[in-house]
Amino acid sequence: MIDFVAGPFQYSFMQRALIVSALVGFLLPIVGAYIITRGRAFMSDALAHSIVVPVAVASLLGFTSYVTAVPGGIAIALLMGYLSRHTGISDDTSIGVVFAGMFAIGLIILSISVDVNPGRAINIEDLLLGQVLGVTRTDVLVSLVLTVAVAAGIFLFHRHLVFTTFDPVGARVVGIKTTVVEYVLLALLALVIVIGLSAAGIVLVMAMLVIPSAAAYLLARRFTGVILIGAAIGVLSAVVGLYLSYYANWPSGPAMALVASAIFGVATLHKRAFPVKSEE
Amino acid sequence: MNNQPGITVTDLTVDRDGFRALVNVNFHIGPGNLVGVLGPNGAGKSTLFGAIAGVLPITRGTVELHGAKGRSGALAYVPQRDSINLRFPATVHDVVMMGRYCHLGLFRHFGRKDREIVRTCLERVGLWERRDALIEENSGGQRQRVFIARALAQDASIILLDEAFSGVDVGAQEGIIEVLQSLRDEGRVVLLATHDLTNLAERFDQIICINRHICAYGPPAEAFNPEVLEELYGSHGMVLAHSHMGGETHIETHMNND
């Protein structure tokens, strides 16, 4: 049993994978708590798919993906926030258009990059589905730096995010710049998606962002509880997913999403069995 | 006198979504006033509050808030039921604590003093016992009192309550009015917008009847007359009773479903 649990970590690639998985499992549901209570799950999925564009550009030019993914991701996030407010068509429609268009452009640039840089281009399957077993030292370092940036952002803006999420008009009346707060959240979202890409992949990074916090939402009574329980479920899903990825040779994104979904199922059953009683 | 709260609105015109929502609105409210803002749905009550609160652009005219200059949180807004995100799991205590946000710096978090203020405000509206209840677990009347406590925690001297009586039964409306009267007695300016005043009109010091412009402004007995009610509610509104009984004016308006 000890061998089963500790054995894999004699390899340095597994140690790196564990660090990145734990960071992803911890950080994504924290930002996810704000996302699900603001009804922004679809935007986060769209943003994850759109980040394929800057990643593909890096692959084409032969850069490390972070060089373009971090600024590109933030730029796309802000663009989506702007378009969802100003296009005059419904929020989800405009996000859907950007989502599909960006994903298509990204996949085409990626396929060109495979021809231009054979052998050096990013593997499409790894990018889409995540391959946490393949993370490099650079991935670990960048993930740590981005984690610190996101944690600082949340520390500074938590109160503003809470107020604007709960009562947007009241927040504006007391002088909170709700648009700025929305853009800060979108920028933080872009950063956590970049961190999540190597572990969860583009297709399933939303799973780690939304499912643990959704399960926590069913279990916790207060928002702080959603954040803390969500982070715990996220770390558990990511680490168990890492083992599944190692032993069953599954891509890590689907493995983590599967564990998170199973926990969500259990949380739903728990909620049905023990509905919270109203205090009326 | 300059530190006394008050509102002066001069020639206010506001366009909203390509539509002239308010035209040439003028009024002055001095300190220690409880004012009912009455008008049908779409009359511009929320627009007026938005303009006073500084969250809607003014097309023409001015809004002056007295006693609020340079004071953070001097004006508080109690939102309409629909503009609150009930998906957000906040307790009564959490919501009142939001009133302290504007008194904190960027790097500071809540301290003992903030918690004491929140407790005092919740006790004042009679909801300290319900501090751990989620906001969605409260009745409409309790919810309004939670937001009034938030305005108190904010230390606001001007309080705007938007559609404060929707989803609130008549008994609970009475309780809200009592709390608001005690705030008025401290010199605060309280504006409450509603499309239906039922029989509470005489509990206000002043009534502003609004339907894109000011139809009447004054004490309840003066502001209401059949012409004003006709202007507010048109032929759809029926004045059920407008009679003087024992020196008090009893006014009930009945709205049909639109």
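This is a predicted model: local features need pLDDT of at least 70, side-chain atom pairs count only at pLDDT 80 or more; totals for chains, interfaces and linings use all residues.
User: What span does helix α2 of chain A reach, and how many residues has it?

Analyst: Helix α2 of chain A covers residues 12-37, which makes 26 residues. From first C-alpha to last it reaches 38 Å. That is close to the 38 Å expected at 1.5 Å a residue.

User: Where does α2(A) bend?

Analyst: Look at A:Val31. There α2(A) bends by about 25 degrees.

User: Which residue with a positive phi follows α2(A)?

Analyst: A:Gly39 follows the helix. Its phi is near 65 degrees.

User: Now helix pairs. Why do residues three or four places apart in an α-helix point the same way?

Analyst: Now take the case here. Helix α5 (residues 65-86) and helix α10 (residues 178-219) of chain A pack at an angle of about 145 degrees. Their axes are 8 Å apart. The crossing of α5(A) and α10(A) is right-handed.

User: Which residues meet in the contact of α5(A) with α10(A)?

Analyst: From α5(A) they include A:Tyr66, A:Ala69, A:Val70, A:Gly73 and A:Ile74. From α10(A) they include A:Glu182, A:Tyr183, A:Leu186 and A:Ala187. By class, this contact has 15 nonpolar, 2 polar and 1 charged residues.

User: How many residues does each chain give to the contact of chain B with chain A?

Analyst: Chain B gives 24 residues and chain A gives 23. On the side of chain B, β5 (75-78) and α2 (92-98) each give two or more residues. By class, that side has 15 nonpolar, 5 polar and 4 charged residues.

Terms used: Residues are numbered from 1 along each chain as its sequence is written. Chains are lettered from A and ligands numbered from 1 in the order in which they are written. Helices (H or I, at least four residues) and strands (E, at least two) are DSSP runs, numbered from the N terminus. The expected span of a helix is 1.5 Å times one less than its number of residues. The bend at a residue is the angle between axes fitted to the seven residues ending there and the seven starting there. Axes are lines fitted to C-alpha atoms, for helices over the stretch in contact, and angles run from 0 to 180 degrees between N-to-C directions. A crossing is left-handed if the near helix is turned anticlockwise from the far one by less than a right angle, and right-handed if clockwise. Two residues are in contact if their C-beta atoms, placed from the backbone, lie within 7 Å. Ala, Val, Leu, Ile, Met, Phe, Trp, Tyr, Cys and Pro count as nonpolar, Asp, Glu, Lys and Arg as charged, and the others, Gly among them, as polar.
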